[in-house]
Amino acid sequence: EKLRARLQRDLPDVRLSFEPADIVNRIMSLGSNTPIEVAVSGKDFSATRLHAEKVREKLGSLGVLRDVHISQTLDYPSLEVNVDRERAGLLGIRMVDATRSLVAATASSRFTVPNYWADAKTGVSYSLQVQVPQARMQGAEDLLNLPISSTNGRTALLRSFAKVTEGSVVGEYDRYNMARTISVTANIHGSDLGTAARLVDAALKELGTPLGTSVVVRGQVQPLRELEAGLRSGLVAAVAVILLLLTANFQSLRLSFIVLGTVPAVLAGVVCALWVSHTTLNLQSFMGAIMAVGVSVSNSILLVTFAHRLQASGLGAKEAAVEGVRGRLRPILMTSLAMMAGMLPMAFGGTSSEPLGKAVLGGLLFSTLATLLVLPALFTLGASSHAASPSLDPDDPDSDLPEDSKHRSAAPQADVPTLGGVL
């Protein structure tokens with residue numbers, strides 16, 4: 001901020017921007033030099049440019065953005081040479097003569113008349129070009145004094161049959177899917193990428209989009225949204241897979257949902273830890289949330305399984321929940337405290353993995369309290385009155401099938417030969 005203020009004060013006519021020096025941010029921006037890029041494209045370039053200027057002014061009013069400007073050079077200084085063909089013809093000068101001399105004076109003949117000379121000794125080819133030294137072309141007056149030679153031997157100064165005026169041209173055309181595009185780029189200051197992206201979307205929505213023009217937000221915003229969508233679906237898929245595994249293990253949806261009752265506490269702990277530590281919700285913190293969910297579900301399974309066995313032995317649901325907490329208090333605390341102790345160096349070590357450690361700490365703290373205090377109440381309210389085995393095996397003595405079905409299923413089928421009998 002000090003550099004921006006000082007440079008804007010001392011160099012008001014110079015356009016400045018701070019670009020990332022590391023390759024990670026450059027790759028994450030998908031070709032953009034800044035985290036925020038708004039690409040404006042359309043069929044009519046003048047209309048596209050007019051709307052891009054409005055976008056630049058609108059984004060410049062946002063307090064979280066800095067260095068807002070158009071990345072392409074739209075007003076590149078130029079000199080326009082208007083040749084009077086009638087006067088040039090009277091002087092014996094053709095347009096091809098004037099063009100050839102102007103190319104050599106302003107650029108080089110290597111781009112229009114390729115010419116190579118091969119060294120007979122070394123066999124190396126060298127490019128031969130005609131070019132007026134740049135030190136002799138300092139302005140329009142030097143260009144007007146340029147001698148133009150024709151093929152018939154006549155020579156005339158450019159000022160004798162042409163006028164040179166100063167102007168501007170588009171210095172660079174960028175295309176995306178064959179459409180000419182103007183990019184408005186900006187850096188972020190004092191805010192996270194997600195907040196800045198939401199403010200940019202709101203500003204663009206308020207500004208509107210004219211007919212025939214398209215506006216797309218690029219830079220790091222696009223991969224951020226893809227990352228958030230993937231992590232959200234990954235978290236939901238993880239919870240769904242855990243639910244299926246618990247249902248297959250307990251053979252009861254009721255107990256499975258009881259075990260997952262601590263997941264909201266984990267997410268609440270992650271959000272609180274990130275909010276207190278002023279940490280953003282990013283890839284690392286999302287990974288920490290998923291890890292905390294895994295450890296929390298493991299502790300919940302430990303408690304619910306033990307309480308369910310106690311209920312099956314004849315205790316009531318409330319007594320089984322209380323005894324389950326008493327019997328599994330030490331393993332749950334040891335698991336949670338060991339995990340939290342291992343995350344302390346990561347959470348406060350000043351590394352890029354700080355969000356992961358902080359998310360795990362907050363999630364495990366809240367989940368441990370929920371496992372020991374809330375989960376027994378959920379088990380008491382949600383557990384069935386009897387803890388009979390839900391097995392569908394008719395030979396299982398604890399099966400819930402009717403007695404006549406058990407006897408019919410258990411009856412031997414004498415008419416069906418076995419493999420041993422056949423052999």
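This is a predicted model: local features need pLDDT of at least 70, side-chain atom pairs count only at pLDDT 80 or more; totals for chains, interfaces and linings use all residues.
Residues are numbered from 1 along each chain as its sequence is written, and side-chain values use heavy atoms, with hydrogens and water left out.

**Overall content**

The protein chain holds 15 helices and 11 strands; these are DSSP runs numbered from the N terminus, with helices (H or I) of at least four residues and strands (E) of at least two. Of its 423 residues, 34% count as buried, where buried means under 20% relative accessible area, exposed over 50% and partly exposed in between (1.4 Å probe, protein chains only). Among contacts (heavy atoms within 4.5 Å) between residues at least 6 apart in sequence, 71% join residues at least 24 apart.

**Helix pairs**

Two packed helices are described by the angle between their axes and the distance between the axes. Axes here are lines fitted to C-alpha atoms, for helices over the stretch in contact, with angles from 0 to 180 degrees between N-to-C directions.

| Pair | Axes come within | Crossing angle |
|---|---|---|
| α7 and α8 (residues 221-250) | 11 Å | roughly 115 degrees |
| α11 (residues 283-312) and α12 | 8 Å | roughly 155 degrees |

The angle in the second pair makes α11 roughly antiparallel to α12. α11 passes α12 in a right-handed crossing, whereas that of α7 and α8 is left-handed; left-handed means that the near helix is turned anticlockwise from the far one by less than a right angle, right-handed that it is turned clockwise. In α7, Leu193, Gly194, Ala197 and Asp201 meet Val221, Leu224 and Arg225 of α8.

Pro331 lies in α12 (residues 317-347) and is partly exposed, because its relative accessibility is 30%. Its C-alpha atom is 8.7 Å from that of Leu302, 29 residues away along the chain.

**Helix α3**

Helix α3 (residues 45-60) has 16 residues. Its buried residues are Phe45, Thr48, His51, Ala52, Val55 and Leu59. Seen down the axis, these fall within an arc of 125 degrees (taken from the directions from the helix axis to the C-beta atoms), so they line one face of α3. They pack against β1 (36-42), β2 (65-70), β10 (179-188), α7 (193-207) and β11 (213-219). Leu50 and Glu57, on the other side of α3, are exposed.

How values were computed
The expected span of a helix is 1.5 Å times one less than its number of residues. Angles under 35 degrees count as roughly parallel, over 145 as roughly antiparallel, 65 to 115 as roughly perpendicular and the rest as oblique.
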